[in-house]
Amino acid sequence: LFLAACVNVSSERQAQYTTEARATAGEFAKTLGGELKAAMKGVGPEGAITVCKDRAPAIAAEVAQEHGVGLRRVTFKSRNPASVPDPWETRVLHDFERRLARGESAANLEYSEVIREGDTKTFRYMKGLVVQEICMTCHGTPETIPDGVKAKLAAEYPTDQATGYLPNMLRGAISVKKPL
């Protein structure tokens, strides 16, 4: 099922790749979070939906190009079909769920390794995204999502699965991929 196999690299090289990927994921999250908070204040939650729909992929593409990596958000409950995890990401997301259930801090939800995909050696990294209070307006339970937001989500994402969350649940992850 997995076409990837773990590849041995030095611990120093692995640490370097991880540090770089952590910074890249952090840059993406900080930029997206800043734009989302500004939109929530400026145009409200209904208007802020366009930040996640349009600006998130654009920000990811900009950050990815700047750092020479693949970068995306992945989740089991997607709003955007492009967010469906691949087999490696699926395995890591399940591991994040287990780690959270055991009481591990959400801040520690990250994983990296160098794998072989076909003839290519690839560095993979994921940083877990945990539901924050601000997320509840669009990703919460039916009781917490305002009617106007529900209507906008239905119009923008007809196959939306990304609701029903509670604070501190795993929402998904930022995934970084770099061919070596």
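Where does proline 146 lie? In this predicted model, proline 146 is in the loop between α3 (136-139) and α4. With a relative accessible area of 36%, proline 146 is partly exposed.

**The annotated stretch**

According to UniProt, in an unreviewed entry, the annotation "domain: Tll0287-like" covers residues 28-179. Over residues 28-179 the chain is 45% helix and 22% strand. The end C-alpha atoms of that stretch are 19 Å apart.

**Helix α2 and its buried side**

Let's turn to α2, which has 15 residues. From its first C-alpha to its last, α2 reaches 21 Å, close to the 21 Å expected at 1.5 Å a residue. Its buried residues are Trp88, Glu89, Val92, Leu93, Phe96 and Arg99. They cover an arc of only 130° around the axis, and that puts them on the same side of α2.

In space, tryptophan 88 and isoleucine 115 are 9.7 Å apart, C-alpha to C-alpha, with 27 residues of sequence separation.

**Rings and charges**

How many aromatic pairs does a search of the whole structure find? It finds two. Such a pair is described by the distance of the centres and the angle of the planes.

| Aromatic pair | Centre distance | Plane angle | Class |
|---|---|---|---|
| Tyrosine 17 and phenylalanine 123 | 5.4 Å | 50° | tilted |
| Tryptophan 88 and tyrosine 111 | 6.1 Å | 40° | tilted |

Why tilted? Planes under 30 degrees apart would count as stacked and over 60 as edge-to-face, with the rest tilted. The tyrosine 17 and phenylalanine 123 planes sit at 50°, so that pair is tilted. This pair links distant parts of the chain: tyrosine 17 belongs to helix α1 (residues 11-67) and phenylalanine 123 to strand β4 (residues 120-130), 106 residues apart. Tyrosine 17 and phenylalanine 123 are both buried.

For tryptophan 88 and tyrosine 111 the planes are at 40°, so this pair is tilted too. It also links distant parts of the chain, with tryptophan 88 in helix α2 and tyrosine 111 in strand β3 (residues 110-117), 23 residues apart.

Lysine 77 has its charged end over the ring of tyrosine 165, 4.5 Å from the ring centre. Arginine 79 does likewise with tyrosine 157, its charged end sitting over that ring at 5.7 Å from the centre.

**The loop between β2 and α2**

Is serine 78 buried or exposed? At 8% relative accessibility, serine 78 counts as buried. Its place is in the loop between β2 and α2. Leaving out residues up to four places away in sequence, serine 78 touches Ser83, Val84, Thr159, Asp160, Gln161 and Ala162. The C-alpha atoms of serine 78 and threonine 163 are separated by 9.0 Å, with the two residues 85 apart along the chain.

Valine 84 lies in the loop between β2 (70-74) and α2 (87-101), and is partly exposed with a relative accessible area of 44%. Its contacts, again without residues up to four places away in sequence, are Arg72, Thr75, Ser78 and Glu89. Valine 84 and valine 74 are ten residues apart in sequence, while their C-alpha atoms are 5.7 Å apart in space.

Asparagine 168 has a positive phi of about 75°, although it is not a glycine. Asparagine 168 is placed in the loop between α4 (147-156) and β5. With a relative accessible area of 56%, asparagine 168 is exposed.

Note on methods. Residues numbered from 1 in each chain as written. Predicted model: local features only at pLDDT ≥ 70, side-chain atom pairs only at ≥ 80, totals over all residues. Heavy atoms only, no water. Helix = DSSP H or I, 4+ residues; strand = E, 2+ residues; numbered from the N terminus. Buried < 20%, exposed > 50% of the residue type's maximum accessible area, 1.4 Å probe, protein only. Contact = heavy atoms within 4.5 Å. Phe/Tyr/Trp six-rings, centres within 6.5 Å; stacked < 30°, edge-to-face > 60°. Lys NZ or Arg CZ within 6 Å of the ring centre and 35° of its normal. UniProt positions renumbered as here; feature names shortened; annotations may be inferred. Expected span 1.5 Å × (residues − 1). Arc of directions from axis to C-beta.
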